[in-house]
Amino acid sequence: MDPSKIIDFPTGTTPASTGGPSGKATHMRADLVEQASQIITDPPLLINAISKRVRQLNMGRSPLVPVMPRMGAADVALTEIIEGKIVIEDEEPVEA
């Protein structure tokens with residue numbers, strides 16, 4: 001894999017916040033980030049969706065897409081978004 005195609009995705013420094021014991025950043029493939037950003041166009045919303053799904057995967061939830069060798073949890077989450085396995089639903093505004 002070309003190192004220029006990998007983006008660091010800082011997820012914190014504690015094992016609880018990273019979903020793993022290393023406390024290191026999760027890496028994401030730039031091409032997958034680009035494709036997912038065309039589906040979820042709001043960057044903070046995309047980051048939150050990926051973060052939540054990575055936590056779920058690291059806690060033992062099953063991937064919704066086939067996992068290839070060397071594919072990290074963030075790549076799995078991005079692929080799930082790209083393939084439409086994970087969608088963000090718009091919430092209806094709450095009336096006062």
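## A salt bridge at Arg29

Arginine 29 has a relative accessible area of 29%, so it counts as partly exposed (buried means under 20% relative accessible area, exposed over 50%, and partly exposed in between, using a 1.4 Å probe and protein chains only). Its salt-bridge partner is aspartate 31, with the closest N and O atoms 2.6 Å apart; a salt bridge here is a side-chain nitrogen of Lys or Arg within 4 Å of a carboxyl oxygen of Asp or Glu. Aspartate 31 is partly exposed as well, at 28% relative accessibility.

A word on the model: it is predicted, so local features need pLDDT of at least 70 and side-chain atom pairs count only at pLDDT 80 or more, while totals for chains, interfaces and linings use all residues. Residues are numbered from 1 along each chain as its sequence is written, and side-chain values use heavy atoms, with hydrogens and water left out.

## The overall layout

Let's step back to the whole chain. Its secondary structure comes to four helices and two strands, arranged along the sequence as β-α-β-α-α-α. These elements are DSSP runs numbered from the N terminus: H or I for helices, with at least four residues, and E for strands, with at least two.

The chain has 96 residues, of which 30% count as buried. Among contacts (heavy atoms within 4.5 Å) with a separation of 6 or more, 43% join residues 24 or more positions apart.

## The nonpolar core

The largest nonpolar core has 18 residues, and those touching the most other members are Met28, Leu46, Ile50, Val54, Leu78 and Ile81. Such a core is a set of buried Ala, Val, Leu, Ile, Met, Phe, Trp, Tyr and Cys residues joined through side-chain atoms within 4.5 Å. Two or more residues come from each of α2 (30-39), α3 (43-58) and α4 (73-82), and α4 gives the largest share, with six residues.

Beyond its neighbours within four places in sequence, leucine 78 is in contact with Met28, Arg29, Leu32, Val33, Ala36 and Ile50.

## Helix α4, enclosed by the rest

Nine of the 10 residues of α4 are buried, so this helix is largely enclosed by the rest of the structure. The buried residues are Ala73, Ala74, Asp75, Val76, Ala77, Leu78, Thr79, Glu80 and Ile81.

Isoleucine 82 also belongs to α4, but it counts as partly exposed, at 24% relative accessibility. Leaving aside neighbours within four places in sequence, its contacts are Leu32, Gln35, Ala36 and Ile39. The C-alpha atoms of isoleucine 82 and glutamine 35 lie 6.5 Å apart, although the two residues are 47 apart in sequence.

The axes of α2 and α4 come within 9 Å and cross at roughly 40 degrees. Axes are lines fitted to C-alpha atoms, for helices over the stretch in contact, with angles from 0 to 180 degrees between N-to-C directions. The two helices are therefore oblique to each other (under 35 degrees counts as roughly parallel, over 145 as roughly antiparallel, 65 to 115 as roughly perpendicular and the rest as oblique). On the α2 side, Leu32, Val33, Gln35, Ala36 and Ile39 make the contact, and they meet Asp75, Leu78, Thr79, Ile81 and Ile82 of α4.

α3 and α4 pack with their axes 9 Å apart and an angle of about 120 degrees, and are therefore oblique too. From α3 the contact takes in Leu46, Ala49, Ile50, Arg53, Val54, Leu57 and Asn58, and from α4 Ala73, Ala74, Val76, Ala77, Leu78, Glu80 and Ile81.

The structure holds two salt bridges.

Two residues with positive phi deserve a look. Arginine 70 is not a glycine, yet its phi is positive, about 70 degrees. Arginine 70 sits in the loop between α3 and α4 and is exposed, with a relative accessible area of 84%. After α4 comes glycine 84, with a positive phi near 80 degrees.
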